[in-house]
Amino acid sequence: MNIDLLITILEQHEVNIDDHAECEVALAHYGLSRLLLYVRLMDNPSFSDVMELYNFDRDMRIQVGLLMEMLEIDIKTKMVEETTDIERRANNLSGQYINNTTNMDQILSNIIQKHREKLTSPTNPDPARTTTDFWKIMRVCSFGEMGLIFSELNNPKKTAIVNHYHLPMQRSVNTFNSWLSALRKVRNMRAHHEICIDNPSYLRISPHAGVPGSASFFTQLEVILFLCMQIDRTRTAAIRDNIARLLVMWSRDLECDILTIVGAPADRQTVFQSI
């Protein structure tokens, strides 16, 4: 790795290298391509500004990760609880509970094959489609795989799950299903250390949900916070306050306006009041 060459490339992107020692360490650790994602959000920044923006984004990913962990575990738990009458057996997920049994069979078989090592036990050394408990599948499946399973449940089962989250709109099952798909990107974004600010998703929200209909990172935050508030209001409120403090602090310390980047309201005092 030629650090001097990487510094030259940064300078070609009109970055003022105000601290060469910090720059060399950051490039060796984070790499040029990751840092350039933040450079493009700023006009003629110093390298210290770039790192402040990176640190803000990292801190936001940490807070969002706490929310997504809470949300993922809770949804999986609710899906298991609402299917206890299926004897928690994957082979019994059929008939009156499923929209398309062929699709569900393929989804579950793929999950078992992908996570075979995690599902193996002394009493079940070779898990097969007809012997794996449904709750075990939910435990090992990814957020995306969880969404696929949810999409194949029939409306009565979906409604029973969604009712736990008190969505303030009609057609809540379809909305919740679309949220699972959209929030999968948020989870992956955090897991793979992608940039979270200025990173639009496919999320489309009805204005009746209390948030504007857009795909901005701030809108995604509003949705995640709304769902987590239905799970644990105290814990979610603490994380929400941490995020609000980050927005205000970094908006004050950076030359660029963080709230503009994430699409938040101009009045910082109204942040998250819709939740």
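Predicted model: local features only at pLDDT ≥ 70, side-chain atom pairs only at ≥ 80, totals over all residues.
Local features rest on pLDDT of at least 70 and side-chain atom pairs on pLDDT 80 or more, whereas totals for chains, interfaces and linings use all residues. Residues are numbered from 1 along each chain as its sequence is written, and side-chain values use heavy atoms, without hydrogens and water.

The protein contains 13 helices and 0 strands (DSSP runs, H or I of at least four residues for helices and E of at least two for strands, numbered from the N terminus). Of its 275 residues, 49% are buried (under 20% relative accessible area, 1.4 Å probe, protein chains only). Among contacts (heavy atoms within 4.5 Å) with a separation of 6 or more, 65% join residues 24 or more positions apart.

Leaving aside residues up to four places away in sequence, Ile149 touches Met79, Met104, Ile107, Leu108, Ile111, Phe134, Ile137 and Met138.

Helix H1 (residues 3–12) and helix H3 (residues 32–39) have axes that come within 11 Å and cross at roughly 15° (lines fitted to C-alpha atoms over the stretch in contact, with angles from 0 to 180 degrees between N-to-C directions). H1 and H3 are therefore roughly parallel to each other (angles under 35 degrees). Leu6, Ile9 and Leu10 of H1 meet Leu32, Leu36 and Val39 of H3.

Conventions: Buried < 20%, exposed > 50% of the residue type's maximum accessible area, 1.4 Å probe, protein only. Parallel < 35°, antiparallel > 145°, perpendicular 65-115°, else oblique.
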